[in-house]
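Keep the structure in view as you go.

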Amino acid sequence: VAGQEKRKSASATAVRAALLASAAVFSLAALGHILRYLLLLINRTTLLPPLVANGTLLMGVLVSLAAMVAVIVTAATMTSWLVGRRAAVFRFLGHDDPRSEWELWAGCLIPVVNLVWAPVFLIELARAEQSEARLRGPIVLWWVAWIFSTAISAWAMLTSSATEAQAIADNTVTVIIAYLSGLAVLLLLWRVF
């Protein structure tokens, strides 16, 4: 129809690439922190060489930064795909998406707000595509895992300033669990996608 411009959105290939890349980064981050934990155990009885200690610390910082970038890229890619997919589905049904584009972007990218609205937007899309019965379970499972992952990640950040040896070890375990739960969220999101 003349006058209607088709929205440019992330392709399915871009979404898959973002999810796979993020899953790889989260796996490496979990493995990096497992190595850090093992070195903390060794360091209880044997002093680590400064190069090993500093290298492990730097590795932890670098994989954490990579994980943050991966989350941002994946969130933006998934949101772009969702906006485009919803526009196409509602256009096929003969009307515009009842949610504005800015509402979708804000609801998917603003932290904490996205824990509520992004799954709602997906359920609305599944309902419009008449696949809600099949996708409701996977969406809810992803949603619950995402809330858990966010909570454990927040706890890991809150306890990251620990200075005592046991508190540092406890935080490292929490970070490992956070990365593994984040990996689970990505795999569940792949299933929903």
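**Exercise 1. Describe how H2 and H3 pack in this predicted model.**

Step 1: Take the axes. Those of H2 and H3 come within 10 Å and cross at roughly 145 degrees.

Step 2: H2 and H3 make a right-handed crossing.

Step 3: List the contacts. H2 supplies Ala75, Ala76, Thr79, Ser80, Leu82, Val83 and Arg86. They meet Glu101, Leu104, Trp105, Cys108 and Leu109 of H3.

Step 4: Sort these residues. The contact of H2 with H3 has eight nonpolar, two polar and two charged residues.

**Exercise 2. Decide whether His33 is buried or exposed, and find what it touches.**

Step 1: Locate the residue. His33 lies in helix H1, residues 12-43.

Step 2: Apply the cut-off. Buried means under 20% relative accessible area. His33 has 4% relative accessibility, so it counts as buried.

Step 3: Find the contacts. Leave out residues up to four places away in sequence; His33 then touches Gly60, Val63, Ser64, Thr172, Val175, Ile176 and Tyr179.

**Exercise 3. Check the span of H4, then find its buried residues and what covers them.**

Step 1: Compare spans. H4 covers residues 113-128, 16 residues in total. From first C-alpha to last it reaches 23 Å, close to the 22 Å expected at 1.5 Å a residue.

Step 2: Pick out the buried residues. They are Asn114, Leu115, Ala118, Pro119, Phe121, Leu122, Ile123, Glu124, Leu125, Ala126 and Ala128.

Step 3: Name the cover. It includes helices H2 (50-92), H3 (101-109), H5 (132-158) and H6 (165-192).

Step 4: Look just past the end. Just after H4, Gln130 has a positive phi of about 60 degrees.

Technical notes: Residues numbered from 1 in each chain as written. Predicted model: local features only at pLDDT ≥ 70, side-chain atom pairs only at ≥ 80, totals over all residues. Heavy atoms only, no water. Helix = DSSP H or I, 4+ residues; strand = E, 2+ residues; numbered from the N terminus. Expected span 1.5 Å × (residues − 1). Buried < 20%, exposed > 50% of the residue type's maximum accessible area, 1.4 Å probe, protein only. Contact = heavy atoms within 4.5 Å. Axes fitted to C-alpha atoms, helices over the stretch in contact; angles between N-to-C directions. Left-handed = near helix turned anticlockwise from the far one by under 90°. Nonpolar A, V, L, I, M, F, W, Y, C, P; charged D, E, K, R; others polar.
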